[in-house]
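Biologist: I would like to learn how to read a protein model, one feature at a time. Can we go through one together?
Modeller: Gladly; here it is.

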Amino acid sequence: QQNGKYQEHPVLGIWMTGQENPANWLQKPRPVTYFSIKREMEKLAAIWRLPIRLEAITEHPVLSYGQTVWYGKEQIGFFGKIQNQIAKSMDIKTEVF
């Protein structure tokens, strides 16, 4: 709320968990990792032609570790590994990024 009025801000959320690729006779399935979501973030920045800068997160209420995404002097996002206790509270047994 700002000045007694609600403000809406568009956001994009991307969550990854499970296997990065399906099992087949050529390769074993690979689990999603921190680098999977980092790669996707970098692809989006390239598609949108955003010159981004990444900085390590030292503390975050939801992430165990990760990075903030900066466009110039503005933080435009963050990504990383969801804390285990948060995933567990939602009955998720695999890592979530």
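Biologist: Where do we start?
Modeller: Asp 91 is exposed, with a relative accessible area of 60%. Buried means under 20% relative accessible area, exposed over 50%, and partly exposed in between, with a 1.4 Å probe and protein chains only. Residues are numbered from 1 along each chain as its sequence is written. This is a predicted model, where local features need pLDDT of at least 70, side-chain atom pairs count only at pLDDT 80 or more, and totals for chains, interfaces and linings use all residues; side-chain values use heavy atoms, with hydrogens and water left out.

Biologist: Where does Asp 91 lie?
Modeller: In the segment after α2 (84-89). Helices (H or I, at least four residues) and strands (E, at least two) are DSSP runs, numbered from the N terminus.

Biologist: What should I know about phi?
Modeller: Most residues other than glycine have a negative phi. Asp 91 is not a glycine, yet its phi is positive, about 60°. Arg 49 also has a positive phi, about 55°, without being a glycine. Arg 49 sits in the loop between α1 and β1 (52-56). Its relative accessible area is 75%, so Arg 49 is exposed.

Biologist: How do I read a salt bridge?
Modeller: Side chains of opposite charge can pair when their charged atoms come close. The rule asks for a side-chain nitrogen of Lys or Arg within 4 Å of a carboxyl oxygen of Asp or Glu.

Biologist: How many salt bridges does the structure hold?
Modeller: It holds 5. One of them joins Asp 91 and Lys 93, with the closest N and O atoms 3.1 Å apart. Both Lys 93 and Asp 91 are exposed.

Biologist: Why do Arg 39 and Glu 20 count as partly exposed?
Modeller: Because of their relative accessibility: it is 35% for Arg 39 and 29% for Glu 20.

Biologist: What about a salt bridge inside a helix?
Modeller: Look at Glu 40 and Lys 43. Their closest N and O atoms are 3.3 Å apart. Both residues lie in helix α1, 3 residues apart, about one turn of the helix. Glu 40 is partly exposed at 29%, and Lys 43 is partly exposed at 43%.

Biologist: How are aromatic rings described?
Modeller: By the distance of the centres and the angle of the planes. Rings of Phe, Tyr and Trp (its six-membered ring) pair if their centres lie within 6.5 Å. Planes under 30 degrees apart count as stacked, over 60 as edge-to-face, and the rest as tilted. By this rule the count comes to 3 aromatic pairs.

Biologist: Why is the pair of Tyr 34 and Phe 35 edge-to-face?
Modeller: Because their planes stand at 80°, with the ring centres 5.3 Å apart. Tyr 34 is buried at 13% relative accessible area, whereas Phe 35 is exposed at 54%. Tyr 34, Phe 35, Tyr 65 and Phe 79 form one aromatic cluster.

Biologist: How many residues line the largest pocket?
Modeller: There are 26, and Leu 12, Met 41, Ile 76, Gly 77 and Phe 78 lie nearest its centre. Elements giving two or more residues to this lining are α1 (34-47), β2 (63-71) and β3 (74-82). β3 gives the most, with 8 residues.

Biologist: And the whole protein?
Modeller: It has 2 helices and 3 strands. Along the sequence the pattern is α-β-β-β-α. The C-alpha trace spans about 60 × 35 × 25 Å along its principal axes. Of the 97 residues, 25% are buried.

Definitions and conventions. On a 1 Å grid over the protein atoms alone, a cavity is a set of points where a 1.4 Å probe fits but cannot get out, and a pocket is an open set with protein on both sides within 12 Å along at least five of seven lines; lining residues have an atom within 4 Å of a point.
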